[in-house]
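User: I would like to learn how to read the overall fold of a single chain. Can you take me through one?

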Amino acid sequence: MPIAIPRFDVGDTVIVPDVRISDASALEIRPARVGDVHGMSALINQYASSNVMLARGPQYLYQHIQDYMVITAPAADSDREIVVACGSLHVLWEDLAEIRSIAVHQACQGQGLGRRLVEALVERCRRLGISRVFVFTLAESFFSHCGFTEFQRESLPPVVWVECSKCPKFYRCDEIGMIRML
């Protein structure tokens, strides 16, 4: 069965604006707002078009806005702020949550934004009293540096598979399961 991940042709390519950042460590992580949705979607779908992560459209992002955190920075060509990093924490059960959709603007990679975002989501787990957080990822090395270890996906409870069954990669998943105990 083919993987049904949306792809963009050259004419349909999502364009993520250039940014200007003088000090990435000064950028703040905050809960996402509805005004961030189109920037989040553009950032996520830029990676999805390369089959690096799952696509997320505006409807999904609006419906799950409370799960997301973002980092914004000034656009290079205007005074507006653009989303340079985003990610979400999806609670699945009393002791289990999943980190999803971690994306960092290409111009901002290697500056610690992704790691800071993951740590903020892990801290959110702690505040909620959740003892385990996992990811399905193609970026094993990144999450390993964030304290996650590989695990057998089959050990997850059925509630995870209900979510996974909605994924276009369900029958041919190439992602690695990684978990962090809190």
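Analyst: We go from secondary structure to packing, surface and annotation. This is a predicted model: local features need pLDDT of at least 70, side-chain atom pairs count only at pLDDT 80 or more, and totals for chains, interfaces and linings use all residues. Residues are numbered from 1 along each chain as its sequence is written, and side-chain values use heavy atoms, leaving out hydrogens and water.

User: How many helices and strands are there in the chain?

Analyst: Helices (H or I, at least four residues) and strands (E, at least two) are DSSP runs, numbered from the N terminus. Here the chain has 5 helices and 7 strands. Their order along the sequence is β-α-α-β-β-β-α-β-α-β-α-β. The radius of gyration is 16 Å, close to the 16 Å from the globule rule for 182 residues, so the chain is as compact as a globular protein of that length. That radius is taken over C-alpha atoms; the rule is 2.2 Å times the number of residues to the power 0.38.

User: What share of the residues count as buried?

Analyst: Buried means under 20% relative accessible area (1.4 Å probe, protein chains only). Of the 182 residues, 45% count as buried.

User: What share of the contacts joins residues 24 or more positions apart?

Analyst: A contact means heavy atoms within 4.5 Å. Among contacts with a separation of 6 or more, 71% come from residues 24 or more positions apart.

User: Which residues does UniProt list for the domain?

Analyst: UniProt positions use the numbering here, and annotations may be inferred rather than shown by experiment. An unreviewed UniProt entry lists residues 27-182 as "domain: N-acetyltransferase". Over residues 27-182 the chain is 30% helix and 29% strand. The end C-alpha atoms of that stretch are 26 Å apart.

Conventions
Buried < 20%, exposed > 50% of the residue type's maximum accessible area, 1.4 Å probe, protein only.
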